[in-house]
Amino acid sequence: MPPEPAGTAGEPENAPGPEPEAPEPEPAPAPARRRRPGALAVLCLLTLLLGGFAGWAHARAASLTGDPARQNTALTDLARTSEIKGQTGRAVAALFSYDHADPDAFDRAARTLLTGKAVDQHAALLGEVAERADEQKAVITTTVTDSAVERVDGDRARVLVYADQSSVSTAGDKKKDEAQDEGVYAGAMFAVDVVLRDGRWLVSSLDTFGR
């Protein structure tokens, strides 16, 4: 009897091969973290009040720095220009930040850093924002990321301000919402007029470019 082909001894012809292993199931995507609508509503209101963003903002900045007359006026006195930028940045951060747990800090900033028509402008712009922040137990933080002194005229100046803003709400039932509130973030651009009073640059006017 002829020998059987190698590898087929004891196996029936056309025997089915081993079944392929089933692919491992892909892990389910992690559930998206929820953001509380209160923080979003508060910050959306604030950013709408504080003017335009993105490409328009960069175009505006380019127009300011590209005008030699304006640039030279603002930079005639480098020390004064630096002083204006520093004090204005700190003032804006304080005036446009709000902590529901420490409303006195917000009120104190308004009393000490504003003058002229900026007092009423700030109250009109931020009154509703502060009210909503209290309702949502929100913390609003505004950080100036850049600024440009558009002009300096003696004891008066105009400053273009770029800012990052965040709003985090602590309202709600933490037992029902275990996801951490990451907050919401946005950018804003606006201008402020400042005036020198007793050695300090105070905000005398707010310009949100028609917003």
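The legends below describe close-up views of a predicted model.

Local features are reported only where pLDDT is at least 70 and side-chain atom pairs only at pLDDT 80 or more, whereas totals for chains, interfaces and linings use all residues of this predicted model. Residues are numbered from 1 along each chain as its sequence is written, and side-chain values use heavy atoms, with hydrogens and water left out.

**View 1. The crossing of helices α4 and α5.** Helix α4 (residues 78-95) and helix α5 (residues 103-113) have axes that come within 9 Å and cross at roughly 140°; helices (H or I, at least four residues) and strands (E, at least two) are DSSP runs numbered from the N terminus, and axes are lines fitted to C-alpha atoms, for helices over the stretch in contact, with angles from 0 to 180 degrees between N-to-C directions. The two helices are therefore oblique to each other, a class that holds what remains once angles under 35 degrees are called roughly parallel, those over 145 roughly antiparallel and those of 65 to 115 roughly perpendicular. The crossing of α4 and α5 is left-handed, meaning that the near helix is turned anticlockwise from the far one by less than a right angle. On the α4 side the contact (heavy atoms within 4.5 Å) is made by A91, A94 and L95, and on the α5 side by F106, A109, A110 and L113. These contact residues divide into seven nonpolar, no polar and no charged, where Ala, Val, Leu, Ile, Met, Phe, Trp, Tyr, Cys and Pro count as nonpolar, Asp, Glu, Lys and Arg as charged, and the others, Gly among them, as polar.

View 2. The strands form an open sheet in the order β1-β2-β3-β4-β5, with antiparallel pairing; two strands pair if DSSP finds at least two bridges between them. Because β1 (98-99) and β5 (200-207) stand at the edges with a single partner strand each, one side of each is left without a neighbour in the sheet. Helix α4 lies across β2 (138-153), β3, β4 and β5, and runs at about 155° to β2, while helix α6 (residues 118-136) lies across β1, β2, β3 and β5, at about 80° to β5.

**View 3. Strand β4 between its two partners.** Strand β3 (residues 156-169) pairs with strand β4 (residues 184-197) in the antiparallel sense over 12 bridges, and R158 stands opposite D193 in β4. Seven bridges join β4 to β5, again antiparallel, and the bridge partner of V195 in β5 is L202. Strand β5 is mostly covered, with six of its eight residues buried, that is, under 20% relative accessible area, where over 50% counts as exposed and values in between as partly exposed (1.4 Å probe, protein chains only).

**View 4. Two loop residues with positive phi.** Most residues other than glycine have a negative phi. D198 has a positive phi of about 50° although it is not a glycine; D198 sits in the turn of the β4-β5 hairpin, which has two residues between the strands, and at 84% relative accessibility D198 counts as exposed. K137, in the loop between α6 and β2, has a positive phi near 50° and is partly exposed, with a relative accessible area of 43%.

**View 5. Residues D102 and P103.** D102 is found in the loop between β1 and α5 and is partly exposed at 36%, and its C-alpha atom is 9.5 Å from that of V139, 37 residues apart in sequence. P103 lies in helix α5 and is partly exposed at 31%, with its C-alpha atom separated by 8.9 Å from that of D134.
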